Structures are given as structure tokens and as C-alpha cells.
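Colleague: I would like to learn how to read an interface between two chains. Please take me through one example.

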Amino acid sequence: MQQLQNPSASEPLTQPTPVSKIQSWLVDQLADVLSLDPTTIDVKQPLTRYGLDSIDAVTLVGDLEDWLDLELPSTLLWDYPSIEKAAAHMVEEFDVTL
Amino acid sequence: MTLAQYQLAEQLEQALGNPHQVESLMSFQRTAELDEAEQFPHDEIAWLYSWGLQNYYIPTECGGKFTSFEEFVAFVRVLARRDLNISIAFTTLFWSFLTWMAGSDEQKQTLSQLMSEDHTAMCLAYSEREHGSDLVGGGVTATKVAGGYLLNGEKWPINRATISGVTYVLARTDPDGGNRGLSLFMVEKQYLEPSQYYNLPKIKTHGIRAADMSGIGFSDCFIPDRMLLGPEGHGLELGLKGFQITRALCAAFSQGAADTTMRTTLNFAVNRQLYGKTVIDMPHARRTLTNAFVDMLICDCVNIGAARGFHVATDQFSVWSAVDKYFVPVTLEQVMKETSVVLGSRFYMRDEHDSGVFQKALRDSAIISMFDGSSVVNLHALILQRRQLAKARLRIRQKPDQLAALKVRLAQSFSLDQSLPPFEPNRLELFSRGADDVMQGLESTLADLEAWQGSGQSMSSQPVNQAVLSQVIELGKVILEEINAQDALITQSAFEHGHDQSFESFELAKQYCHLHAAIACILMWMHNRNHEDMQGFFAEGEWLVLSLHRLLSRFRRSLTPPPSTYYENVAQELLQLHQADKMFSIVPFQLAQRSRAPAIAAPCLVT
Ligand SMILES: Cc1cc2nc3c(=O)[nH]c(=O)nc-3n(C[C@H](O)[C@H](O)[C@H](O)COP(=O)(O)OP(=O)(O)OC[C@H]3O[C@@H](n4cnc5c(N)ncnc54)[C@H](O)[C@@H]3O)c2cc1C
């Protein structure tokens with residue numbers, strides 16, 4: 001566990017960044033929930049493309065909150081509807097500790 | 001009635017007169033005629049406006065008189081017990097909460113004036129022929145043009161689509177916007193170019209036959225920017241939050257209808273002689289009606305608790321509202337079915353016995369569990385939050401400060417004599433983050449009751465019937481065991497997202513609603529047994545033992561049967577309320593009694 005200071009820069013490529021950790025968590029969740037092969041999930045694609053509907057997206061925010069022990073806007077995945085956008089936004093806007 | 005929040009309902013009752021009397025404004029005979037003729041109740045609605053009832057749909061800060069949902073559900077029951085069609089047609093005004101929630105100051109002012117002075121009504125245009133419950137799938141579009149939008153497509157089936165001045169339209173503003181691609185518009189029809197919109201023909205329905213059930217279509221219909229409600233793209237969020245408000249209020253329609261079916265059945269059962277007895281003295285009829293009355297009291301605890309909870313636990317309404325909208329209408333449908341067994345053949349007749357009001361209430365109320373989010377839609381909303389509810393319940397046990405705050409909230413939600421803070425619609429949340437005060441307060445509620453046992457009645461000034469108390473505690477422990485078992489099952493099993501929920505998960509969600517209802521009953525009793533208006537029957541608590549027994553019997557067949565004297569005492573209360581023309585409720589306020597003088601003909605404005 002490490003308090004995040006500067007999300008995007010400085011960390012060596014080999015080490016997972018908070019952004020990449022959130023991304024892979026979301027990929028795993030989505031794969032699990034929708035019974036997909038995680039390697040087929042493209043973080044740039046809209047989540048709805050994988051069949052995630054409006055209320056699922058809200059529920060998934062709840063799971064994210066539990067995982068990060070952090071309160072997030074319930075519409076986060078509506079406003080940032082791809083894994084890439086959501087992860088980047090979270091690290092930018094919230095005090096994410098990973 | 002010293003509880004001020006029931007006085008408006010009592011005044012409306014008196015103004016409307018006893019519906020058994022033909023000359024009263026919304027008599028059972030008159031509303032039966034309207035139903036037979038399938039004629040919209042223009043005169044009756046106009047009377048309600050001139051009485052000033054619309055002002056109670058407008059919050060005080062917007063110039064109206066709405067202060068609490070507890071007062072609101074009480075007066076809706078007064079309307080609904082007379083005629084569901086009129087009460088639903090008038091209460092489409094509750095969609096105005098979309099504007100109170102998301103509108104600009106100017107929009108709020110406009111709407112307040114439209115409702116209060118111009119007597120404008122509104123409708124909610126979400127559904128489409130091809131996309132019922134699937135709001136995101138809707139095909140109506142609003143395309144941005146200079147100064148506004150062009151609406152295209154049809155909304156159907158919509159209650160009051162034709163006879164209304166304001167239409168709330170949910171339309172897609174961004175084809176690629178997904179969940180943020182829908183926007184909500186408060187369309188004032190007086191500003192539309194008549195050639196750009198049209199109404200769809202009246203739909204013939206099984207119940208509320210006198211309703212304006214129709215639809216509305218738009219073809220390149222220009223609406224100015226000022227009709228957009230909230231930010232562009234926020235339509236789905238506002239729509240779902242608005243449903244949290246109206247779904248819980250819908251329960252009051254069912255309650256009014258159930259009051260009438262019970263009352264008309266008692267009119268029969270206390271007079272009908274058979275085999276040298278009256279029907280009500282036959283054990284089967286008596287117990288059937290007693291059980292139905294107990295179910296009505298349970299629904300009261302759920303719905304009055306929710307009506308108050310809106311002001312206190314606003315951010316939990318994705319759960320409370322779903323429970324209320326599932327539990328109350330479905331339970332009361334069953335109540336009506338069982339009550340009909342006692343009324344016998346007359347339940348089916350359209351022009352016999354109290355103008356055939358039973359069959360009409362039965363037909364009219366059948367829609368309540370279906371519209372505004374059907375029972376399955378509400379259970380589904382609960383299922384999606386179920387795992388978080390279980391986790392949060394586990395977590396909160398370790399957080400004494402949060403538990404203490406929860407107890408304060410529960411006391412405010414359930415103590416009818418505590419004042420309520422103003423309702424703040426902006427505190428509504430799409431999901432409750434696992435919070436449900438009612439369920440999560442069970443353990444501390446039971447601990448308080450246990451402290452009342454013996455001499456340690458610190459919280460209560462009135463002595464508690466110890467036999468009742470120990471049965472309540474025993475049944476309360478059954479609730480706890482059941483919810484613990486269900487939570488364990490939920491946390492262990494694989495979680496499905498979306499619309500692939502199993503049949504079993506719906507059954508589990510129903511059980512959750514029953515357990516939530518059982519706790520609501522305990523809370524209602526516990527927090528009000530000392531109130532002066534609630535002495536005697538309510539405070540004694542025998543009804544509570546019967547309520548818990550009924551709710552928990554679906555989980556356990558082996559429960560100890562309650563003493564038969566409890567049934568008899570509850571039956572006596574039922575008969576007394578019937579005789580005194582009081583609402584069949586935990587707050588049995590006075591209804592209009594039969595009078596020799598004609599009911600007030602001219603409307604009198606409430607000040
Ligand atoms: C009298 C009346 C008044 C109405 N008033 C209005 C109004 O004022 N405004 C308005 O917008 N609409 C109104 N409606 C429309 C009503 O809300 C819709 O009919 C409703 O949304 C359901 O749509 P549908 O019947 O097309 O069923 P569909 O949405 O097509 O659903 C079909 C079936 O699928 C299943 N199903 C659907 N969702 C789920 C789920 N989440 N989980 C599991 N199963 C599911 C259910 O079994 C359901 O019955 C009214 C309808 C009636 C009959």
C-alpha cells in the first residue's frame with residue numbers, strides 16, 4: 001500500500017501504476033460479471049459494448065467503492081464510460097490509495 | 001387527531017362527504033357512472049383544484065404548501081378510497097417533483113404558477129410502445145437545433161397524455177451518449193406548434209376506465225432550450241431518482257382502495273344474516289377479515305415509515321422505495337382477494353351493494369403494482385443492491401458511531417410526533433451504498449426491547465404488556481436469524497449483474513421485503529406506543545404480534561400460534577373503526593360520516 005502522490009508520471013514502467021491497477025481490476029470484474037475472456041476486453045471501448053447496462057454500471061461503482069474504501073459519484077461509469085477513461089479520471093480526481 | 005400531519009386528510013374527508021351518500025361529490029355511485037361511461041372526471045378534478053389541493057404538491061419554498069410525504073400519503077388515501085381514477089388522474093401532479101428536484105428557479109416558479117393558478121396538470125412520457133421498462137432503449141429523440149431541440153417519436157401508453165398542460169418527455173439527445181445520452185424536458189404544450197405534435201387515441205383498459213390513457217407523438221416538434229430540465233444528458237439519472245419518489249407514493253393508492261374493499265365488505269358482513277347468524281360472527285369470515293386488517297396495518301407501518309423516511313434517510317430510497325412499491329401493492333392485492341371471499345357473489349357485481357365499488361376498486365387497483373416500475377422491476381432494483389446491503393450490514397456492526405447515528409435516524413423516521421426536516425430531493429442517490437437503516441437497525445432495536453423486559457423500561461413511560469413484549473422479541477429473533485441466513489447466502493453465492501438474475505434471486509428479494517416490513521412494524525410500535533393518539537389498541541401491541549406472526553409464517557411453519565384473544569381484540573378494533581367511520585390504519589383518522597344534510601356543494605378553499 002502506498003499513498004499516491006503523482007499518479008501518472010515518475011513510476012517505472014515495470015511497476016503497476018494506480019491507473020493500471022484500476023484498469024486491470026475493472027477488466028477482471030467485467031470479465032467475471034459478463035463471463036468474458038479478460039484478454040478480449042479493450043479498455044478503450046465503451047462499457048456498454050460489452051453489455052453492461054445502466055444499473056450494472058452503477059452497481060459496479062459500488063464494488064469499486066468497496067475495493068478502494070472511497071466514496072465515488074454513482075454515475076462515474078456513465079460519465080467516463082470506458083475502463084481507460086474511468087481509471088484516469090479516478091486517479092486524477094480522487095484520493096485513491098493503492 | 002392531535003397529529004397535525006393528518007389534519008389535512010381529515011379536512012378533505014369532511015369537504016368531500018361520505019362516498020356512500022349519493023349526493024357527495026365523489027360518491028361511489030357517481031364514480032361508478034363515470035367508470036361505466038369511460039368519462040374523464042373533469043368536474044371532480046376541477047373541484048379539487050378549487051379546494052386548493054394542488055398546493056400540497058408544491059413545496060413551501062416554491063410557493064406551495066407541501067411539507068411532508070406523511071401528510072401527502074394520508075390525503076392521497078382519502079382520494080383513493082373514493083375513486084382510484086380520480087386520485088391517479090389528479091396525482092399525476094406528483095411528477096412535478098422532477099422540477100422541484102432538477103429545475104432552475106425560473107422553471108420552478110413557472111410550474112408553481114401553472115399548477116396553483118392555471119390549474120395545469122402534467123403527465124410523464126417515458127414509456128414507448130417498443131420499449132416499456134427499458135428506458136435507455138427508448139427511440140424518441142431530441143435533436144439540437146438553434147435555440148432549442150426538435151422532438152421526434154411517440155410516447156405510449158401515457159396517463160393524461162392528452163388532458164394535461166405539461167409533459168415530461170424523456171428523449172435521446174446524443175445517439176452515442178449511452179446512459180448520458182438521454183435528457184428530460186418539461187414541455188409546456190401551450191408553446192408547441194399544434195401541427196408538430198398529436199395525441200394518440202384513448203386506450204381501453206381493464207380498470208381506471210375513465211382515465212385519459214393515451215399517448216403523444218412528435219414530428220419535428222420544436223421546443224425551446226428553456227424546456228430542458230437539468231443538464232443535457234442527465235435525463236436517465238433524473239428519471240430514476242424521480243421514480244424513487246413516486247414509487248413509494250403509489251403505495252397510498254393501494255391503501256385507499258383496500259380501505260374501501262374492507263369497508264364495503266364489512267357493510268355486508270355485519271348485516272348479512274345466514275343460518276340465524278351474522279356473517280361476521282362466523283369464525284372463518286371473522287378471521288379472514290382480521291387477517292386482512294392485520295396486513296393493512298403492516299402496509300401502514302411500511303408506507304408511513306417510508307413517507308417519513310424520505311425526509312431522513314433520503315439517500316437510501318433506492319432500497320426503501322423498491323421495498324415499499326413491491327410490498328404494499330402486492331400485499332394489498334392479496335388482501336382484496338381474500339376479503340372478496342367474505343363479500344361473496346357481490347364482489348363481482350357492477351351495480352349491486354355500494355354501487356359495485358368492490359369490483360371497481362379491484363380492477364382499478366390492479367394497475368398499481370404494474371405501473372411506475374412494476375413489481376419485478378422493483379425487485380430487480382433490490383437484487384442489484386442486495387450484496388452491498390449484506391456487506392454493509394456486516395460492516396456497520398463494528399462501527400458504534402455509525403450505529404448511534406442510524407438509531408437517531410430511525411427514531412425520526414418512525415416517531416410520528418417528531419418533526420421532519422424538509423425533503424431535499426438532491427440527496428437522492430441511484431444506489432444506497434448498502435445502507436438500509438430499517439434492516440441494519442434490527443439488532444439495536446431488539447436490544448432496546450430486551451431492556452424493556454422486567455422493570456428496566458427506561459425508554460417507555462407507559463407500562464408494556466410483558467407477554468406481548470416477549471413474543472415480539474422472540475419473533476424479532478426469528479427475523480434476525482432469517483436475515484443472517486439470507487445475507488450469508490448472498491455473500492457466498494456468485495453475483496449476477498444485469499438482467500440475468502435467477503428466478504430464485506427474485507424470491508430472495510421478496511423475502512427481504514417481508515423482513516424489512518416486519519422490522520418496520522416493530523419500529524412503528526416501539527416509537528409511538530407512548531403517543532396520546534396511539535393509546536389502547538395500538539400501544540397494547542397485540543396487532544404487532546399477529547403482524548410478525550403473519551409475516552414470518554412464510555419462513556417458518558412451526559411458529560407458536562398467537563393467543564386467540566389477540567385475534568378477537570384485533571377483530572373488535574376493526575369493527576369499531578368501521579362503525580365509527582375511521583380509517584383502517586395505525587393512525588385511524590376520522591372519515592366523513594353519513595349526514596342528513598347534503599355534502600358541501602361549493603368548494604371551500606383551505607387556508
Ligand atoms: C394504466 C397504465 C398507465 C401507465 N401510465 C404511464 C405513464 O403515465 N407514463 C409512462 O411513461 N408509462 C406509463 N405506463 C406504461 C408502463 O409503465 C409500462 O407499461 C411499463 O414500463 C412496462 O412496459 P411493458 O408493459 O411494455 O413491459 P416490458 O418493459 O416490455 O416488460 C415485459 C416483461 O418483461 C419482464 N421484465 C421487465 N423488466 C424486468 C426486470 N428488470 N427484471 C425482470 N423482468 C423484467 C416483466 O415480466 C415484464 O412484464 C402505463 C401503463 C399502464 C397500463
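Modeller: Start with one pair: B:Arg387 and A:Asp63 form a salt bridge through their side chains, 2.8 Å from N to O. A salt bridge is a side-chain nitrogen of Lys or Arg within 4 Å of a carboxyl oxygen of Asp or Glu. This is a predicted model, in which local features need pLDDT of at least 70 and side-chain atom pairs count only at pLDDT 80 or more, while totals for chains, interfaces and linings use all residues. Residues are numbered from 1 along each chain as its sequence is written, chains are lettered from A and ligands numbered from 1 in the order in which they are written, and side-chain values use heavy atoms, leaving out hydrogens and water.

Colleague: How many salt bridges are there between chain B and chain A?

Modeller: The count is six.

Colleague: Which element gives the largest share of the side of chain B that touches chain A?

Modeller: Helices (H or I, at least four residues) and strands (E, at least two) are DSSP runs, numbered from the N terminus. Here α12(B) gives the largest share, five residues.

Colleague: How is the size of an interface given?

Modeller: Often as the accessible area lost when the parts come together. Buried area is that loss, taken with a 1.4 Å probe and summed over both parts. Chain B and chain A bury about 1800 Å², with 54% of it on carbon and sulfur atoms.

Colleague: How many residues are in contact?

Modeller: Contact means heavy atoms within 4.5 Å. By that rule, 19 residues of chain B are in contact with 20 residues of chain A.

Notes: Buried area is the accessible area (1.4 Å probe) that two parts lose on being put together, summed over both.
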